[in-house]
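Trainee: Can we go through this one together? I have the file open.
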Amino acid sequence: MARDSSQYICRVCGAVHAKWAGQCSACGEWNCLTEEVGGAPPGALKPAATKRARGIQFEDLKSESPEPARLITGVSEFDRVCGGGLVPGSALLISGDPGVGKSTLLLEVCARAALKGARVAYLSGEEAVEQIRSRARRMGLAQADVALASATALREIVATLKREAFDLVVIDSIQTLWSDVHEAGPGSIVQVRACASELVRLAKAGGPAMILVGHVTKDGQVAGPRVVEHMVDAVLNFEGERGYPFRVLRAGKNRFGATDEIGVFEMGDTGLREVTNPSALFLGDQNGDRSEREPGTAVFAGIEGSRPVLVEIQALSAPSAYGTPRRAVVGWDSGRLAMVLAVLESRCGLGFGDRDIYLNVAGGLKINEPAADLAAAAALISSVCDVPLPKGCVVFGEIGLSGEVRAVGRAEARLREAMKLGFDKALCPPLSHEPTDIAATSLSRLAEAVERIS
Ligand code: TYD
Ligand code: MG
């Protein structure tokens, strides 16, 4: 029987409800509410407490308080995604699938920050200290002065962190911690919430920059990091496709920086290597640039965060053996593929009705820019006509439902990156400035792209 002080938390979206229900009214998921005993229900602030409380003091914007200096860790891809280093007293969540490389990344961050003079602690509930040390040795970071501990009891962790002044603390992972205030087991939604809120409070009260690691699991057995997302200042997702060495760090929420920034890493035998020029990596072949490409491939000049990135988009269309043709997409939105196919069919007379379509973004990158429409369309046209795109050509532009090619932002940066990597032609929307060093073919309708390629 529920007690008065119980509240119910959604395992999927973290919404808090006063009453149990079969469905979460916030996210619509079924059977996902978990009881949290002891939490204060909304509006529980007693009048007696307010009597004793003192009023708060407001201060105006003008009053001088120096901006705290950011902690630059030295892993520049990580620092950039954070918005230019870590903010002291902030809390950050790094989430990702188990095995993607979160511990490896954070060990690197800790070690590099310590080598720059920061006081750093790395607390692991998953690995023994000796295991962490041997990993650090393999990654060539054994010289760094990082305080290591294997700990899971929240009370001990908080006591230690209050006693010792650290600049940066990593908790790997939040799902292994337990607080003796609650009876639920480690990893349960109640424990994850309680431990995260305690650690965030500690950070905010003039504590260290706190990084919490959270595993994402799809089966819902372990409380997902979604419940922690509301509490922290920034959420960084570490992503990687199985079978590819590339890892992408992407900001999902950031109170201190842009959320469209990405950091690219490559996993190797000795840890993660920062990839400062991702274009060369995502082009599908290392000598990239102007070599002849197969029919069905187009190089998209994209923008990820503040950086231009060239990516190869591959399309394959084959006669379908079944009644309903297949549409399979990796790294792009299947809804947008359906739209591009519909526009090609109805505005350009290029039918795909009885063909299977496969679309793949090389290198395991996920693209969500509408500017990729034209590149995907070019790859599809090239595949169905079995004609390669011109040598050294990049493509970008958004496609509208009436078949028009629409302008996209930062065209100059895209073209500059293409030139830097040896491309000399572009298929793109009409430009406001004609570039001098690249032969840009402006297209205002998708039908013109079909004419040029086929
Ligand atoms: P890890 O950082 O333990 O993942 P997470 O903390 O996200 O669960 O990384 C695990 C994977 O990374 C593992 O499959 C092995 C691989 N790896 C390397 O390939 N090279 C390395 O130098 C390290 C440390 C790990
Ligand atoms: Mg780990």
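Mentor: Start with Aspartate 97, which is partly exposed because 16 other C-beta atoms lie within 10 Å. The cut-offs are 20 or more other C-beta atoms within 10 Å for buried, 12 or fewer for exposed, and partly exposed in between, with C-beta atoms placed from the backbone.

Trainee: What kind of model and numbering is this?
Mentor: This is a predicted model, where local features need pLDDT of at least 70 and side-chain atom pairs count only at pLDDT 80 or more, while totals for chains, interfaces and linings use all residues. Residues are numbered from 1 along each chain as its sequence is written, with chains lettered from A and ligands numbered from 1 in the order in which they are written.

Trainee: Where is Aspartate 97 found?
Mentor: Aspartate 97 is in the loop between strand E4 (91-96) and H3. Helices (H or I, at least four residues) and strands (E, at least two) are DSSP runs, numbered from the N terminus.

Trainee: And Glycine 99, buried or exposed?
Mentor: Glycine 99 is exposed, with 10 other C-beta atoms within 10 Å. Glycine 99 is also in the loop between E4 and H3.

Trainee: Which residues does the UniProt "binding site" cover?
Mentor: The annotation, from an unreviewed UniProt entry, covers Gly96, Asp97, Pro98, Gly99, Val100, Gly101, Lys102 and Ser103. UniProt positions are in the numbering used here, feature names are shortened, and annotations may be inferred rather than shown by experiment.

Trainee: How many residues surround ligand 1?
Mentor: Ligand 1 has 15 residues around it, the closest being Gly101, Lys102, Ser103, Thr104 and Gly271. A residue counts if its C-beta atom, placed from the backbone, lies within 6 Å. Helix H3 (102-115) and helix H4 (129-138) are the elements that give two or more residues to this shell, and H3 has the largest share, three residues.

Trainee: New topic. What order do the strands take in the open sheet?
Mentor: Seven strands run E15-E16-E14-E13-E17-E20-E21, with mixed pairing. Two strands pair if DSSP finds at least two bridges between them. Strand E15 (327-330) and strand E21 (439-442) are at the edges with a single partner strand each, so one side of each has no neighbour in the sheet.

Trainee: How do E15 and E16 pair?
Mentor: E15 and strand E16 (residues 355-361) pair in the parallel sense over four bridges. The bridge partner of valine 330 in E16 is asparagine 360.
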